[in-house]
Amino acid sequence: MNVKKIVGALALVATAASSAAVAQTSLLNASFDVARETFAAVNPKFVEYWKQKTGEDIKIDQSFAGTSRQAQDIIQGKKVDVVTFNQVTDIDILADRNIVAADWAERLPNNSSPYYSTIAFLVRKGNPKNIKDWDDLAREDVGLVFPNPKTSGNARYTYLGAWLYAHDQFDGDEAKIREFVGKVLGNVENFPTGGRGATVAFAQNDQGDVLLTFESEELNIVNGEEFKDQEFEIIVPPTSVLAEFPVAVVDKVVDERNTRNVATEYLEFQYTPEIQRLLAGFNYRVTNEEVAKENAGKFADVKLVNPTDVLGSWKDIQAKHFSTDGVLDQIQAQ
């Protein structure tokens, strides 16, 4: 064989081997829209941990968007190794299509949710509209900003928070609940696809009187430098919705890419005390009891209601409220 051809063939083999090595030592994590800063801090910690444990270098790539949009992208073929979402239903959709294992929620502690939050209200300096509870969001003089529940798990918790409040106020009378939630939705001035867009609309573009998003995001806004001069205030209602942040290995992809072990360990790493403290530093409520006690003072005292305790399973909630022509569509159509 010609020497040049031999050299060329060896180069192709070396390139292919190098590409395979890269594929085996990289992960893609699809996460929710306002998690950029969180995983910018978490990922280097895991890279360091993995290097010390195995001697291997690993690259962690990130994708951020509303979790419903992320789920649809994965269904359409996006090769994601792990999901770190903020909505159970968006992982269940993947499980229904055999992309994620049916028992995904049982594989890690706390229903595979290493941290959690709730929905709170961010208002402008001095709280000029005197916002105190969910019923204030239905007033005609109040403008709201939060993402679209069709694309954002964040916004689904807002919708469910309003629904659960009305369910309690009206003793489960669905006609009155729908009327209340309709008033809240009718007050929305901006419906971006994800939480980051909602923050920009409220804080940068001066839209709305109230931003509804995760308590963790609001604490980051208030304590961060970018918007500090606006002196926003956080109102945590007496009762709000429990917002869990579920994580899962994308089984179909990790088996194709031979990344199951590292993907699993990446998710388990989020339960370690070191990362629980890091997550608490980003104002998430964490599941580690010791770390939770260390950070208890930064969070408001609030009664958190799990939607499944009132409205049935997440699959029931998805089918009734968020499916095509479900309650959300019906209310918006009105």
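**View 1. Thr213 in strand β7 of the predicted model.** Thr213 sits in β7, which covers residues 210-214. Its relative accessible area is 1%, so Thr213 counts as buried. Leaving aside residues up to four places away in sequence, Thr213 touches Thr118, Ile119, Ala120, Asn154 and Glu218.

**View 2. Strand β7 and its pairing with β4 and β5.** Five of the five residues of β7 are buried, so the rest of the structure largely encloses this strand. Strand β4 (residues 115-123) runs antiparallel to β7, and five bridges join them. Ala120 has Thr213 as its bridge partner in β7. Ala120 is also among the residues that Thr213 touches. With β5, the pairing is parallel and spans two bridges. Here Val145 has Leu211 of β7 as its bridge partner.

**View 3. Helix α7, residues 174-186.** The helix has 13 residues. From first C-alpha to last, α7 reaches 18 Å, close to the 18 Å expected at 1.5 Å a residue. At the start of α7, a side-chain oxygen of Asp173 comes to within 3.2 Å of the backbone nitrogen of Ala175.

**View 4. The buried face of α7 and what covers it.** Ile177, Phe180, Val181, Val184 and Leu185 are the buried residues of α7. Viewed down the helix axis, they fall within an arc of 135°, so they line one face of α7. Their cover includes β5 (144-145), α6 (153-169), β6 (188-190) and α16 (327-333). On the other side of the helix, Ala175 and Gly186 are exposed.

Methods. Residues numbered from 1 in each chain as written. Predicted model: local features only at pLDDT ≥ 70, side-chain atom pairs only at ≥ 80, totals over all residues. Heavy atoms only, no water. Helix = DSSP H or I, 4+ residues; strand = E, 2+ residues; numbered from the N terminus. Buried < 20%, exposed > 50% of the residue type's maximum accessible area, 1.4 Å probe, protein only. Contact = heavy atoms within 4.5 Å. Expected span 1.5 Å × (residues − 1). Arc of directions from axis to C-beta. Polar contact = N/O pair within 3.5 Å; in protein donor to acceptor, adjacent residues only side chain to side chain. Pairing = 2+ DSSP bridges.
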